[in-house]
Amino acid sequence: MGHSRLGLTAAILALALLSPIARLDSASQGAATTDGLHRPLDQILDLNVRDGLVYYRALRSDRGRLDRYIASLNVASEVYDRWSPEQKMAFWLNAYNALVLQTVIDHYPIKGASKSYPANSVRQIPGAFEQMKHRVAGRSLTLDDIEKTVLPPFKEPRLYLALGRGAVGSGRLRSEAYAGDRLKQQLDDLQQEFVSEETMIKIDRGANLVSVTPIVSWRSAEFIAAYDPGATGALAQRSPVERAIVAFVTPMILPLEKEFLQKNEFKVTYHPFDWRLNDLTGGAPQ
């Protein structure tokens, strides 16, 4: 009897000593799981994306890996719930961008008849963003659902600039997948690139004009919440979204551009979104 109690006590002590390690292993397993989950997309993007443009023809001819990756995104909710906010944000960015690639190659080459968009535009695919449902993390979602419902609670407006909408105007699609442990640096890089890409912003000192991507106007509430410093300083009389734009780009722009903005004589406009397909196979857009 004494030996039995001793054995039980030893077992309980062993479990108590192991439990912190078990908890640590569980946390690290969550990170490892997301890293492994997105590795196929990382390889797909590295092989098929150059300077933000996509080899859609090549991707379509060897689509098995992309289809398998997208199927793997329908993870169980209890798995998803264990991830960190950074892992969840990276997951949704990768899911959105992969689903756009799949949508395009499902209809490639695109030759639409609508006069509202370029003939090869992803917008020529009926319901591409607002109607087509996809199974992701146990949910049935459209691309618009991901952008307008899933992403806002993260309160990170740069996510909307990372969405590859299958268009030249989306900005440069990365040749790598997003990763939870590198997401901050990846979004910092994206913000830095914002000021150097004319699809994102044009600061014309000669014309007293700042022309910005309409993505900012589409998600103005998120940009205002994150970047508007309030009605203070030289830009106090500006609209909240204009103050947010200035605050967003100021850390990255040249001294002369900063001085230009602080003079507060510029006009802000939104240039038309370029919906041409970001297709490298058919020749880079001019």
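Predicted model: local features only at pLDDT ≥ 70, side-chain atom pairs only at ≥ 80, totals over all residues.
Which residues does N97 touch, not counting residues up to four places away in sequence? I'll come to that in a moment. The chain has 286 residues, and 45% of them count as buried. Its secondary structure comes to 12 helices and seven strands. Taking contacts between residues at least 6 apart in sequence, 69% join residues at least 24 apart.

Back to N97. The residues in question are A162, L163, G164, L173 and Y178. N97 lies in helix 5. Its relative accessible area is 8%, under the 20% cut-off, so N97 counts as buried.

In general, nonpolar side chains in soluble globular proteins tend to be buried together. Here the largest nonpolar core holds 77 residues, and the members touching the most others are F91, W92 and F194. Helix 5, residues 85–106, supplies 13 residues of this core, the largest share.

F194 has a list of its own. Leaving out neighbours within four places in sequence, F194 is in contact with L161, M200, I201, V212, T213, V216, F248 and V249.

Next, the partner of helix 5. Helix 5 packs with helix 6, residues 143–150, at an angle of about 155°, and the two axes are 10 Å apart. An angle over 145 degrees counts as roughly antiparallel, so that is how helix 5 runs relative to helix 6. The crossing is left-handed. On the helix 5 side the contact is made by W92, Y96, L99 and V100, and on the helix 6 side by L143, I146, E147 and V150. W92 is also one of the core residues I named for touching the most other members.

Last, helix 12, residues 255–262. Which of its residues are buried? They are E257, F260 and L261. These three sit on the same side of helix 12, because they cover an arc of only 95° around the axis. As background, an α-helix has 3.6 residues a turn, so residues three or four places apart point the same way. P255 and L256, on the other side of helix 12, are exposed.

What do the buried residues of helix 12 pack against? Their partners are strand 5 (201–204), strand 6 (209–212) and helix 11 (240–249). Just past the end of helix 12, N264 takes a positive phi of about 60°.

That is all I have.

Note on methods. Residues numbered from 1 in each chain as written. Heavy atoms only, no water. Core = buried A, V, L, I, M, F, W, Y, C linked by side-chain atoms within 4.5 Å. Buried < 20%, exposed > 50% of the residue type's maximum accessible area, 1.4 Å probe, protein only. Helix = DSSP H or I, 4+ residues; strand = E, 2+ residues; numbered from the N terminus. Contact = heavy atoms within 4.5 Å. Arc of directions from axis to C-beta. Axes fitted to C-alpha atoms, helices over the stretch in contact; angles between N-to-C directions. Parallel < 35°, antiparallel > 145°, perpendicular 65-115°, else oblique. Left-handed = near helix turned anticlockwise from the far one by under 90°.
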